[in-house]
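User: Hello! I would like to go through this structure with you and ask what lies behind the terms you use.

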Amino acid sequence: MSSTVNVRLNVNGTEHELEVEPRLLLVHALRDELGLTGTHVGCDTSNCGACTVHLNGESVKSCTVLAVQADGAEVTTIEGLGTEDNLHPMQEAFWNNHGLQCGYCTPGMIMSATALLAENSDPTEDEVRHALEGNLCRCTGYHNIVKAVLDAAEKSKGVTA
Amino acid sequence: MSVTDEAPAGHVGRVMRRKEDPRLITGRARYVDDIVLPGMLWASFVRSPEAHATIVSIDASAAVARDGVHAVFTGEDMSDLGGPLPMAWVPPGVEVNNPEHWPLARGTVKHVGDPVAVVVGEDRYVVQDAAEDVIVEYDPLPVVVDAEAAIAGPPFVHEQFGTNQVHQWSLAGGDVEAGFAEADVVVERRVVNHRIAGAPIECRGVLADYRAGSLTLWSATQVPHFVRLFMALLLGLGEDHVRVIAPEVGGGFGQKLQVYGEELFACWASRKLGRPVKWIETRSENMSVAHQGRDQISTVKMGAKRDGTITAFHVKILADFGAYNMILTPLIPSLGAFVMGGCYKIPNVQTDITGVFTNKCPTDAIRGAGRPEATQMIEVTLDQLAHELGMDPVEIRRRNFIPKEDFPAETATGVIYDSGDYHKTLDKLMEHVDVEAFRAEQAQLRSEGVYRGIGFCTWTEICGLAPSRITGPNGVGVQAGLWESAMIRVHNTGAVTVYTGTSPHGQGLETAMAQIVADKLGVDPSVVEIIHGDTSMGPEGRNTYGSRSLATGGEAVAKATDKIVDKVKAIVAAELEAAPDDIEVTGGKFAVRGSPDKGMALADVAGIAYVGAVPEGMEPGLEETTFYDPENFVFPFGAHACIVDVDAETGKVVVRRYVAVDDCGRAINPMLIEGQIHGGVVFGIGQALYERVHYDDQGQLITGTFVDYALPTAAELPNFETDRTETPSPVNSLGAKGVGEAGTIAASAAVTNAVIDALRPLGVDYINMPLTPMRVWAAIADPARPAASPEGGPRS
């Protein structure tokens, strides 16, 4: 067996200290070590984006980051965004706009979409479509996903104004 | 979207947010890879890099020696199975060559990805490392990749048959030769519906746990009930000792309508090792071994009179089934044959199907399954016919529509379409698309060197898969009745649990079914829980595929609920000293007609039913079961238009606008219908423009990952314009038809016709899909270029 290294991660506000193989992917650390199974894996090649999380506030594909690379970082996963009783506005927007069907790509979509709005609070439809280029959905045809992201942007405008 | 100005009285017909979503948007849903059991082992398959070879030797010693590896198994180890993997279509009077197909190859491999061994060990990294240590020596055999070469064979994929032909099957009505003799114009062309992948974003996955004589299998499947039956048969277990659970399933698109060797292996290995065994498919595996779809080369011939009236349509399909027959492989092209006349009144129609083996991944049902191919054949040929007759493509469609007054309409081949009003959907499409203005704009743009085109597709399809009478052993030959079940339990408190035999995986049936039940019982949909995808909860079911879950499963739920309503009415009538026929549901209560104040809520009635204070002779409790087998299929229809721009310099196609008017009968939840249409249309656009499973001439898979296989992304697509008409189906009480495959069935033809419309001034009259820049560019460069290679030139 390979040797292990210690990694400190702050995930959704909770500190964790893990002993992992150096090659362990961040997505597997989250899923298999921490039991945060909301982050999904849909490909082997960093194309599908189902594993998207925030690493120090930026969206990353957690299948393309080693757990050791995230040492000392703050990670936010879909579980850290909102709960069923206290939904994040983006989660609410996906629900209201039928922005999901099977739900498998959804956590990654929502994490990418929230990262987009953090950078650009008032995106055009075209900007939304290009920002989500790295997240594949086979169910929705993207129409309602784009609608949901624009809806969330519109609603948050109302909040900050 | 505006269908009717009248607001629906109840929950049915209304947009309602999905009951499924809270768990999905918060990451609390549980897919198969999210389930972990104590002592769980992992499996990783060793797969053939050869397309056709004899297995000379397998050396697993290095793999077995690794820490954490428990066992390595090969085909010979699994000699105790009750039989090979199933193929469930036995068409009466038709011979089908059906080779044995085992979970692990025995002696030879037939396509890249065929499993030859499997490592079981402690974790997912360990087994993948160990799988790479298994040394397999192969002796390559001649490979056949192209379907037309294969049917001319040798080499043979399965030597024992002395041919690569799987079967021949025909469906004919009228006399096509006589029809062509009457025609003034006959169009012939070669239409290729190329191979595509289902590509659900969740790959397949299984977790099997055999303990104390009973087996539980969690599988990312559309068909847990079929899987249970075959696990029981092939492992020699009673069905009562096998429980199959489809947990949250991340999309299926037909790919998970299957009984797979990996499912059987995990169950077998769990019994052998006394530990739970999990296998989670990688995307690379999914692209090479999960069944694929389409792959038909067709010669189509359509004849018409000078006024545009179609006199005959004859289609010869060569269907590439890959290396093995999966559960329904040879049946798939026949599903297209049942609607080969489309929505047109054609007196003479014939479909001749030849199935062929090649050294490629097997094909089977993928979203639409036979009907997208049929629609492509009909609609691109009809456009060419219109062109040659100098007719407008919309006009030629109108001229041939089966008129509304013909319904229920029997087609030339004896299929009975349940209901339709094709002019109405097309009229509605024309309200959205100003064709005259478009033509003026198009002419102007052409003078500026911009090639814009519009394509139409008017279509119908056959879905709601059932009825057993037609699909079953005495009909088409599927060795299973295709009815559907529902069980409904009203609890003491008035909460309702519904067990459906369908197994939805993204379609929103938990919501739609709850809407149906809520109206009948006078409760809110939030108190109606829909349970699906677990063979130990509720009755035997027939699962989800073929756009059947609402028209068949939803109707079963409605019928079971009606039984509950009858019992509730009898109890309420006794309590209120009224006649059961005078009891109605109003304002959330069961009350005597005309006296809504004195009603009883469902919870009150359930209380009476469970304390046993029921009328004399009535059983206590409030629970009912239904098995529903419809009289006919259902036939949704629609009219779609697509507008594209083609860059004549580069061949790049951009979809500018897509308008879909669909009629899937009575709407239960219009929001869900729109969502299905959006996704379905993109599936068809993907086939038309981007996606293609591509093998080289040695059977090596070129498109083995999402890097090489071009799924559409948000950036390539427009927003969609959708609208509906509602022509109720007379087949079920809901008036509902299916919608899951509709968009896919329509879209590839609408896109293709739009591209051709754009390029006609350049002399291009047809290009086979996918309309990639390379193909389009090549067609523009040399419109007369003939079909060249098996890979396919632009006209292949």
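Analyst: Gladly. Among what covers the buried residues of α1(A) are β1 (5-11) and β2 (14-20) of chain A. Please keep in mind that this is a predicted model, where local features need pLDDT of at least 70, side-chain atom pairs count only at pLDDT 80 or more, and totals for chains, interfaces and linings use all residues. Residues are numbered from 1 along each chain as its sequence is written, while chains are lettered from A and ligands numbered from 1 in the order in which they are written.

User: Why is helix α1 of chain A called mostly covered?

Analyst: A residue is buried if 20 or more other C-beta atoms, placed from the backbone, lie within 10 Å of its own; exposed means 12 or fewer, and partly exposed is in between. Six of the eight residues of α1(A), residues 26-33, are buried. They are A:Leu26, A:Val27, A:His28, A:Ala29, A:Leu30 and A:Arg31. Just after this helix, A:Gly35 takes a positive phi of about 70°.

User: What makes a set of residues a nonpolar core, and which residues touch the most other members of the largest one?

Analyst: The members are buried Ala, Val, Leu, Ile, Met, Phe, Trp, Tyr and Cys residues joined through C-beta atoms within 7 Å. The largest such core has 307 residues, and B:Ala43, B:Val119, B:Val751 and B:Val755 touch the most other members. Helix α19 (residues 742-759) of chain B gives the most to this core, with twelve residues.

User: How do you know what B:Val751 touches?

Analyst: Contact requires C-beta atoms, placed from the backbone, within 7 Å of each other. Leaving out residues up to four places away in sequence, B:Val751 touches B:Gly455, B:Cys642, B:Val644, B:Val655, B:Ile685, B:Ala688 and B:Leu689.

User: Why do β7 and β8 of chain B count as edges of their sheet?

Analyst: Two strands pair if DSSP finds at least two bridges between them. The open sheet runs β7-β15-β14-β13-β8 in chain B, with mixed pairing. β7 (165-173) and β8 (185-193) of chain B each have a single partner strand, so one side of each is left without a neighbour in the sheet.

Conventions. Helix = DSSP H or I, 4+ residues; strand = E, 2+ residues; numbered from the N terminus. Contact = placed C-beta atoms within 7 Å.
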